[in-house]
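Dear colleague,

Please find below the structure that I am handing over to you. My notes on what was found in it follow directly after it.

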Amino acid sequence: MPEFALNQLFFIQAIGFVSMAIGWWANSQQQDCKFIHGNMVAAILTAVHLGLLGSFLGMANQLVNVIRFRCCQSLNKDDSINLSPLLLTMLFSGVAILQGFMWAEHWSEWCAVMAAVVMSVSLFYFAGSQLRLAMIASNALNLMLSIYLMSWSGILYQVMTIIILSQGLIQQYLQSKSYFETNSIETNSIEANNDSVELVK
């Protein structure tokens, strides 16, 4: 393989790894605003990466992701214009499906289309743990395209993102469970104390 081709391949994969690092940072954030903003930046770099790898659908899909994340940010601002979540969901889902009919050449690219539809619904209707569960499903679908394209950074990014998001959800569940158990013990203790006071009376 010519040295130029090797250098070009290294550059393409390097863009993917930078996108991967930003995406991991974003997915480890507890605040939804940082989560969304970081994923928007990662989507821009991923669009460049997939375009250079030869997947026009993957590139177009990620560019739509950028616009979707931006609209989600605008929707969450207090001074935002009046945007309808239902209208935005239908618009972005329709664009993703149209892209599939225009450019999808392999079943793995249809997985990326389905991932876009999942994100179109979740970004405008979900928050917190529900949003992160949707991101796990979306990354699992996008993983199929990364495997087909042999995008090493994409494969590593999606696998690690699923792990990071899953760990975060498990920790959140354990914390909430511990909180409810502590409150339950305190409530039972207070009730027991009240009962003993009443018996003394």
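**The largest pocket**

By class, three nonpolar, 11 polar and two charged residues make up the lining of the largest pocket. Here Ala, Val, Leu, Ile, Met, Phe, Trp, Tyr, Cys and Pro count as nonpolar, Asp, Glu, Lys and Arg as charged, and the others, Gly among them, as polar. Please note that the model is predicted: local features need pLDDT of at least 70 and side-chain atom pairs count only at pLDDT 80 or more, while totals for chains, interfaces and linings use all residues. Residues are numbered from 1 along each chain as its sequence is written, and side-chain values use heavy atoms, with hydrogens and water left out.

On a 1 Å grid over the protein atoms alone, a pocket is an open set of points with protein on both sides within 12 Å along at least five of seven lines, a cavity is a set where a 1.4 Å probe fits but cannot get out, and lining residues have an atom within 4 Å of a point. The largest pocket holds about 250 Å³ of space (the volume filled by probe spheres set on points joined across faces, edges and corners). Its lining comprises 16 residues, and Q29, Q30, R132, G168 and L169 lie nearest the centre. The element that gives the most is α7, with eight residues.

Q30, one of the residues nearest the centre of the pocket, is found in the loop between α1 and α2. Is Q30 buried or exposed? Q30 is exposed, with a relative accessible area of 68% (buried means under 20%, exposed over 50%, partly exposed in between, with a 1.4 Å probe and protein chains only). The C-alpha atoms of Q30 and S129 are separated by 9.8 Å, although these residues are 99 residues apart along the chain.

Helix α2 covers residues 32-53, and its 22 residues should span 32 Å at 1.5 Å a residue (the expected span is 1.5 Å times one less than the number of residues). The end C-alpha atoms of α2 are 31 Å apart, which agrees with that expectation. The buried residues of α2 include F35, I36, M40 and L50. After α2 comes G54, whose phi is positive, near 105°.

For α6, also, 22 residues should span 32 Å, and the end C-alpha atoms are 31 Å apart, in agreement. Among the buried residues of α6 are L131, R132, S138 and N142. M150 follows α6 and has a positive phi, near 55°.

**The cavities**

How many cavities of 30 Å³ or more are there? The count comes to two. In the largest cavity there is about 340 Å³ of space. It is lined by 26 residues, of which T46, Q62, N142, Y157 and Q158 are the closest to its centre. At least two lining residues come from each of α1 (3-27), α2, α3, α6 and α7. This lining has nine nonpolar, 17 polar and no charged residues.

The second largest cavity has about 30 Å³ of space. Its lining consists of N61, Q62, N65, A112, A115, A116, M119, S138 and N142. The elements α3, α5 and α6 give two or more residues each, and α5 gives the most, with four. Four of the lining residues are nonpolar, five are polar and none is charged.

**Aromatic pairs**

The structure holds three aromatic pairs (rings of Phe, Tyr and Trp, the last by its six-membered ring, with centres within 6.5 Å; planes under 30 degrees apart count as stacked, over 60 as edge-to-face and the rest as tilted). One of them is edge-to-face: F56 and W103, at 4.7 Å centre to centre with 80° between the planes. F56 lies in helix α3 (residues 56-76) and W103 in helix α4 (residues 85-103), so this pair ties together parts that are 47 residues apart in sequence. F56 is partly exposed at a relative accessible area of 44%, and W103 is partly exposed at 30%.

Another pair, F92 and F124, is stacked, at 5.9 Å centre to centre with 20° between the planes. It links distant parts of the chain, F92 in helix α4 and F124 in helix α5 (residues 107-125), which are 32 residues apart. Both F92 and F124 are buried.

Yours sincerely
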